[in-house]
Amino acid sequence: MNLTEDLSQLVDQLEPIARPGGQGRALMVMGASRGAGASTVARELARLAARRSHRGVWLFDLDFANNSQAEAAHVRGQAYDARFGRDPFWTLSTDGQPARIVARESVVPNLFVTQLQARAGAVRQVGLSAAPAYWTAVRQSIDLAIVDAPGNSRAPLSLAGDMDGVILVADARLTRTDGVTARREAIEARGGTVAGIIVNRADASGSNPGLSSAA
């Protein structure tokens, strides 16, 4: 099996994408180590889920410096304010120039990807914090939010308790499991739940790829 097939099985487990009553879900995809491939997993999961979505899937790219997800997803057209009418989970410290987080639709229908909209160098610092009211508004508005959390930063851990689950992405080429264990403990310490572990690049290591349960 390959990554797309594994993620298709995960999307099948989310069917219907939104829960009964119209409440969407919020999931975080986080690398257990730097370069584990969490961004690729997040993007592919969002793409597959968008095919079955009615109200839309939003991919939140927390790599504000590069925002590579928007480029990879070929976003286009109208920019939508990503605040959903609430105080968001981010704060932007700027040099006085305007800056905001927006989302544009991908070439994949029903898939929206966030990006930082600001003049180059205007944003000095981005802060992340828990924002349960924000995520409640997100769930009421869309079917699925997928948060792409950079593996080289601990800042996204502050959002773990607001998520319906965190999917850890492990690099099969790394034989030690310390990183996975440490991330899981850090997530649980902040009130989050590890919903599963995806072993990425398993073909290169000679092992079998797959999604394992976190139970």
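Modeller: Let us begin with the polar contact, which is a pair of N or O atoms within 3.5 Å; within protein, one must be able to donate a hydrogen and the other to accept it, and residues adjacent in sequence count only if both atoms are side-chain atoms. Here a polar atom of the T94 side chain lies 3.1 Å from the backbone nitrogen of G96, and the side chain of T94 also reaches the backbone oxygen of Q97, at 3.2 Å. Before going on, note that this is a predicted model, in which local features need pLDDT of at least 70 and side-chain atom pairs count only at pLDDT 80 or more, whereas totals for chains, interfaces and linings use all residues. Residues are numbered from 1 along each chain as its sequence is written, and side-chain values use heavy atoms, with hydrogens and water left out.

Colleague: In which element does T94 lie, and which residues does T94 touch?

Modeller: Helices (H or I, at least four residues) and strands (E, at least two) are DSSP runs, numbered from the N terminus; the chain has six helices and eleven strands, and T94 belongs to strand 4. Contact means heavy atoms within 4.5 Å, and, not counting residues up to four places away in sequence, T94 touches A99, A122, V123 and R124. T94 and A122 are 28 residues apart in sequence, yet their C-alpha atoms are 5.3 Å apart in space.

Colleague: How should I read burial, and is T114 buried or exposed?

Modeller: Buried means under 20% relative accessible area, exposed over 50%, and partly exposed in between (1.4 Å probe, protein chains only). T114 has a relative accessible area of 2% and therefore counts as buried, while T94, at 24%, is partly exposed. Of the 215 residues of the chain, 47% count as buried.

Colleague: What surrounds T114?

Modeller: T114 sits in strand 6 (residues 111-118), and, leaving aside neighbours within four places in sequence, its contacts include W58, D61, N67 and I101. A polar atom of the T114 side chain is 2.9 Å from the backbone nitrogen of D61. N67, one of those contacts, is found in the loop between strand 2 and helix 3 (68-72) and is buried, at 9% relative accessibility. The phi of N67 is near 50 degrees, a positive value in a residue other than glycine.

Colleague: Which other residue has a positive phi although it is not a glycine?

Modeller: H74 does, with a phi of about 55 degrees; H74 lies in the loop between helix 3 and strand 3 (76-81), and is exposed, with a relative accessible area of 51%.

Colleague: How do I read a helix against its surroundings, taking helix 4 as the case?

Modeller: An α-helix has 3.6 residues a turn, so residues three or four places apart point the same way. In helix 4 (residues 132-141), the buried residues are Y134, W135, A137, V138 and R139. These buried residues pack against strand 1 (25-31), strand 2 (57-61), strand 4 (90-94) and strand 8.

Colleague: Where is R173, and how is R173 placed relative to N200?

Modeller: R173 is in the loop between strand 9 (165-171) and helix 5 (178-189), and is partly exposed, with a relative accessible area of 47%. R173 and N200 are 27 residues apart in sequence and 8.6 Å apart in space, C-alpha to C-alpha.
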